[in-house]
Amino acid sequence: MGQTTSLTVNQQAEILAELLAAAVHLHNHCDKDFQTLIIEEMENLPDDED
């Protein structure tokens with residue numbers, strides 16, 4: 001974890017635990033339709049911000 005070297009081990013553990021909880025929550029509560037909706041929205045974004 002190169003960029004997190006300034007964090008304590010406890011801080012790293014807290015961040016990873018929160019990330020894991022969020023990933024599990026999203027996996028359990030977001031169905032395929034929700035994932036498809038996000039993909040479609042991303043595909044509809046303009047190619048760049050010029």
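1. In this predicted model, Gln12 counts as buried because its relative accessibility is 19%, and the cut-off for that class is under 20% relative accessible area. Gln12 belongs to helix H1, which spans residues 9-29, and its side chain reaches the backbone oxygen of Leu7 at 3.3 Å.

2. As for the chain as a whole, there are two helices and zero strands, and 6% of the 50 residues count as buried. The chain exposes about 4,900 Å², of which carbon and sulfur atoms supply 57%.

3. Which residues form a nonpolar patch on the surface? The patch is made up of Phe34, Leu37, Ile38, Met42 and Leu45, and together these residues have about 490 Å² of accessible area.

4. Leu37, one of the residues of that patch, lies in helix H2, which covers residues 32-43. Leu37 is classed as partly exposed because its relative accessible area is 44%, a value that falls between the limits of 20% for buried and 50% for exposed.

Key: Residues are numbered from 1 along each chain as its sequence is written. This is a predicted model: local features need pLDDT of at least 70, side-chain atom pairs count only at pLDDT 80 or more; totals for chains, interfaces and linings use all residues. Side-chain values use heavy atoms; hydrogens and water are left out. Patches are made of residues with over 30% relative accessible area and no salt bridge: like charges are joined within 9 Å, nonpolar side chains (Val, Leu, Ile, Met, Phe, Trp, Tyr) within 5 Å. Accessible areas come from the Shrake-Rupley method with a 1.4 Å probe; for residues, only the protein chains shown count as cover. A salt bridge is a side-chain nitrogen of Lys or Arg within 4 Å of a carboxyl oxygen of Asp or Glu. Helices (H or I, at least four residues) and strands (E, at least two) are DSSP runs, numbered from the N terminus. Buried means under 20% relative accessible area, exposed over 50%, partly exposed in between (1.4 Å probe, protein chains only). A polar contact is a pair of N or O atoms within 3.5 Å; within protein, one must be able to donate a hydrogen and the other to accept it, and residues adjacent in sequence count only if both atoms are side-chain atoms.
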